[in-house]
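Have the viewer open as you read.

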Amino acid sequence: MHEYLIQGGTVIDPTGERRADVLVRDGIVAAVGEGLEPPDANVIDATGCIVAPGFVDLHTHLREPGKEEAETIETGSRAAAKGGFTCVVAMPNTDPTQDCVSVVEFVRNQGLAAGLCDVRPSGSITVGRTGTQLTPFAELAAAGVRIFTDDGSGVQDPLLMRRAFEYALDLDIVLAQHCEVARLTEGAVMHEGHCCSEFGLPGWPSIAEELMVYRDIELVRLTGAPLHILHLSTAGSVELVRRAKADGLPVTAEATPHHISLTDELLAGYSALYKVNPPLRTMSDVEAVRAGLADGTIDAIATDHAPHAPDTKERPLDQAPPGMLGLETALGVSLASLDMPIADVVAALSWNPAKIAGVDDTHGRPIAEGEPANLTVFDPNETWEVVPADLASKSKNTPYVGVQLQGRTRHTFLRGQPTVLDGAPQR
Amino acid sequence: MKHFRSIAEAGPDAVRRLLDLADHMAEVNRRPNPKVPALRGKTVCNVFFEDSTRTRLSFETAAKRLSADTMNFSVSSSSLNKGESLRDTIETIAAMGVDAFVIRHRSTGTPWQIAQWTNASIVNAGDGWHAHPTQALLDCATIRTAFGRSDGFDGLRVAIVGDVKHSRVARSDIEAFSMLGADVTLVAPKTLLPPFTDRMPVAVTTDLDAVLSEVDVLYLLRMQTERMTEALVPDLREYTARFGLTPARVPRLADHALVMHPGPMNRGVEIAVDPAEIPGSVITQQVTNGIAVRMAVLFDLLGSGSLPEATS
Amino acid sequence: MSHPKQVLGPDDVRRAVTRMAHEIIERNQGSVGVALIGLQRGGVWLADALGEAIDRIGHTVPVGSVDCSLYRDDIGLRPVSPGSVSDISFDVDGATIVLVDDVLYTGRTVKAALDAVTDYGRPTAVQLAVLVDRGHRELPIRPDFVGKNLPTSSDEQVVATADGVTISSGER
């Protein structure tokens, strides 16, 4: 196996920040220190770069099985590696749904075959994500599933959700909720606010998210089971989570790069590229979400990477599916949008989500001798623009074309092997 | 002007120019032979993804009076039922040689999407809840003619009554009336208003009787009966009692006040009297003016160019 | 653009209009069946002035106006700028129509006006009166009544109003 010397960078990990070279050998970090000079190592230039534990995405739609025309586990993994990710949690809204061991194992094995990042399948909370019958939590947990969610929709039935929390208690799993009271968002295309009133588009009110955030926080208070809130998007939700954490409840939350960078005004041109669920909100929501990340109310930046084939995004707005790409732009959008120390942004992309996903035995680790070499090297100052043809993702539904992003992945290592070198995927 | 998709996008200069042009077209329409050669050799395609016989006929008549060739495509006769995408449909028709698409679609925003796939001009004949700008123009033309107000609508008081929330007519009328200087009041319960109205150039009330005697124009919107099932109003009887033009309300209108409606009317709901018995009803003039303003729009889009004006 | 040079003054214009009025009556052996139609926009004032001059010599003719922007052969090339609405409130069928314009140049506007007027009916005859004929015809069109023949080059501009006729040269 090759040796790699990552030379001249600044290491940022859970223990702090320091100038150091990193030697990678046999899948692990073999040495960390200044002025390392191993004779046989391939030297990887990290001048001006940050060397960090690989990023972990709590929220990736890989579309396989079912919608391979939009993304496959291989193309999605490649996009993840290009974005600096070494682990992604695959959302369960596939076809068939990730609601049984066979589908979950298929996803994991496809990830292993691609070999570009760790693919950790989530499981759905209810069979077929229909909101009526719980999936076999214990059996799935035994197969390695840690996060359970019906993402794409929220679990509407409060009784069923209470039972899910109660049943989850002894299984070391996390229920992750897509918070949306469906009855309040029927036909909704964009955030309910001044813009939707003017644009003549059906609105998705903030309260539809906040009611479910509130309900589930109270169910956590009642049952004691942990809750992770997916793609939190409103100022009200941030405040609810802030209070829940102050009360010591086991609640975590994520926010997407687009909810810290884009607003509902962008729907003015009626492009479905800006249609996401939950929808792009107002500037005051964006600022509240940014503040939530800054003060730790929101634990993680998660992409909600949602590839869609071009013809589906060309449908009329009310018929186009919601979602945008995220893996390759997450870092660039985050650093461009957040006024936070780089180490805090890295925490939100790496070790914080690693803990929530239960992968903190191998990802988001300190960069120290003997640790697994799941690493990313990025230039925090490089400004760049997305070129759709260069995207590794099979789909091109990103709204960031023509937008200046800041911070770009240079190299990514998965278990000591480079998956990306100088921005180029290695397989 | 390349497209005519919303009043706001067109802007005040274009709205005034189109209204002036509509006067010319109205004169053409009064002639024994109401046809001019202006758009010979141009092809206008009416693409209607939602039923609207009257709007389609109005556009078709307008195009023909300007000597344009017309094609009609409606969803019932289309291949959309066979799964063809909107883009493929538009690109296929465009390949036959089309200078302007007149688009009606139940989804908001489609005229903007379609403009990306063709070089033809796009006329919005109604998209979702969003805009129906030729309706707003014909409403302006009707008010302008009735009051002789080609200078604009400064000081004119207009009440728009009913289901503003789901109404592309209301959104375009609000933009156009206020652009020309009118004071617009929306009369509707909160359930029938857009979620936020405080940044719109309107006043809002639920009390029709409080504004009835003060308005110069009473604009009644169509109340779609399916709204009942969405719990937006309790029932039609209560709607008519609060927001309908009832026989008791007619005499309380000012003598000069106009009564307008975009059609088709729900008799007994928003208008609970025979329109023929309303002195200020200009509902049929609206339909007549529709042809003239649509001629103006088509001529402006297809008959203008970038060379300097001729001197002789 | 150079400073405009005055070719005719207000009195010259008045005299030319009076002379043309006499010529119109003379040519048509009176005013029976004669109607004036000014071309939007520059011909309208001249049609009105000719109508008044004819009035002063004891005859009365109806005066109308026509906007021929819907008949031009350069539709699609230039901006659309509506003038005033056509106003022909008399019967064109069987009438002798005198088209009136301020300046005759390429002849294309007159051609469009001929098309426009014949859409209102079938005149017995159509005649053409212009205050200035500046040459450069691109169509076989010839005026019947002319205030002044004015040789110009095609980059010059001619402005003809009741206050006089000016010519200015050079690039615009």
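Which chains have the most contacts between them, among the two pairs of chains that touch? The answer is chains B and C. Please keep in mind throughout that this is a predicted model.

## How the chains meet

Chain A and chain C make no contact with each other. Their closest C-alpha atoms are 27 Å apart.

Chain A does touch chain B, and here 18 residues from chain A meet 21 residues from chain B. On the chain B side, the elements that contribute two or more residues are α3 (86-94), α4 (110-114) and α6 (168-179). Of these, α4(B) gives the most, with three residues. Sorted by class, this side of chain B holds ten polar, seven nonpolar and four charged residues.

How many residues of each domain take part in the contact between them? In chain B, domain 1 brings 23 residues and domain 2 brings 18 residues. On the domain 1 side, at least two residues each come from α1 (7-30), β4 (121-127) and α9 (283-302) of chain B. The largest share belongs to α1(B), which supplies eight residues. By class, the domain 1 side that touches domain 2 in chain B has 14 nonpolar residues, along with six polar and three charged ones.

Now zoom in on strand β5 of chain B, residues 157-161. Is this strand mostly covered or mostly open? Mostly covered: four of the five residues of β5(B) are buried.

β5(B) has a parallel pairing with strand β6 (residues 183-187) of chain B, over five bridges. Within this pairing, Val161(B) sits opposite Val187(B) of β6(B). To get from β5(B) to β6(B), the chain passes through α6(B), making a β-α-β crossover that is right-handed.

One pair to look for here is Val158(B) with its bridge partner Val217(B) in β8(B).

Methods. Residues are numbered from 1 along each chain as its sequence is written. Chains are lettered from A and ligands numbered from 1 in the order in which they are written. This is a predicted model: local features need pLDDT of at least 70, side-chain atom pairs count only at pLDDT 80 or more; totals for chains, interfaces and linings use all residues. Two residues are in contact if their C-beta atoms, placed from the backbone, lie within 7 Å. Ala, Val, Leu, Ile, Met, Phe, Trp, Tyr, Cys and Pro count as nonpolar, Asp, Glu, Lys and Arg as charged, and the others, Gly among them, as polar. A residue is buried if 20 or more other C-beta atoms lie within 10 Å of its own, exposed if 12 or fewer, and partly exposed in between; C-beta atoms are placed from the backbone. Two strands pair if DSSP finds at least two bridges between them. A crossover is right-handed if, with the strands pointing away from the viewer, the path from the first strand over the helix to the second runs clockwise.
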